[in-house]
Amino acid sequence: MSMFSVTFQLESGNGGQRREFRGTVDTGSTYTMVPASILEQIGIRRANSYVFEYADGRTERQDTGPAVVIIDDNEGGTTVTFGPEDAEPILGVHALEALGFVVDPVNERLAHVSRLRI
């Protein structure tokens, strides 16, 4: 599992606000997680609820919703998790795949996939 920080933006995709975050790229996390109140402020709606397992082994039910993720000039649809208010933003694998990024753990950066599979 590789973890480092990047800057990314989220928006609701329906005319809501866009917000920038500095968050940890976590290849062990499925979805991107941001505190719930911030997602609500930018107009991201709750759509589903799942039980998530944290790295420390505890589980918790959290809501998820659709969002647009932006990194540099790359934009794509993803699912975000309405996290606890003290949560640090996490950029998960679903968002990375939506944008065609892979993790370069040696240089601690994101790189574009040279070829995608269908």
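**Rings, hairpins and a pocket**

The count of aromatic pairs here comes to three, where rings of Phe, Tyr and Trp (its six-membered ring) pair if their centres lie within 6.5 Å. This is a predicted model, so to speak of local features takes pLDDT of at least 70, side-chain atom pairs count only at pLDDT 80 or more, and totals for chains, interfaces and linings use all residues. Residues are numbered from 1 along each chain as its sequence is written, and side-chain values use heavy atoms, with hydrogens and water left out.

**Aromatic rings**

- Tyrosine 31 and phenylalanine 52 have ring centres 6.2 Å apart and planes at 70°, so they make an edge-to-face pair; planes over 60 degrees apart get that label, under 30 count as stacked, and the rest as tilted.
- That pair ties together distant parts of the chain, 21 residues apart: tyrosine 31 sits in the loop between strands S2 (18-26) and S3 (32-35), and phenylalanine 52 in strand S4 (residues 48-53). Strands (E, at least two residues) are DSSP runs, numbered from the N terminus.
- Ring pairs gather Tyr31, Tyr50 and Phe52 into a cluster.
- Phenylalanine 52 is buried, at 18% relative accessible area (buried is under 20%, exposed over 50%, partly exposed in between, with a 1.4 Å probe and protein chains only).
- Over the face of tyrosine 54 lies arginine 58, 3.9 Å from the ring centre; the rule asks for NZ of Lys or CZ of Arg within 6 Å of the centre and within 35 degrees of the ring normal.

**Hairpins and turns**

- S4 pairs with strand S5 (residues 59-71) in the antiparallel sense over six bridges, and pairing needs at least two DSSP bridges.
- Strands S8 (residues 101-104) and S9 (residues 109-112) run antiparallel, joined by four bridges, with valine 102 partnered by alanine 111.
- Four residues separate S8 and S9 in their hairpin, and glutamate 108 in the turn has a positive phi of about 50°.
- Aspartate 72 is another non-glycine residue with a positive phi, near 55°; it lies in the loop between S5 and strand S6 (74-83) and is exposed, at 66% relative accessible area.

**Largest pocket**

- Its volume is about 430 Å³, meaning the space filled by probe spheres set on the grid points, which are joined across faces, edges and corners.
- A pocket is an open set of points on a 1 Å grid over the protein atoms alone, where a 1.4 Å probe fits, with protein on both sides within 12 Å along at least five of seven lines; lining residues have an atom within 4 Å of a point.
- Of the 16 lining residues, Ser29, Glu53, Tyr54, Ala55 and Ile90 are the closest to the centre.
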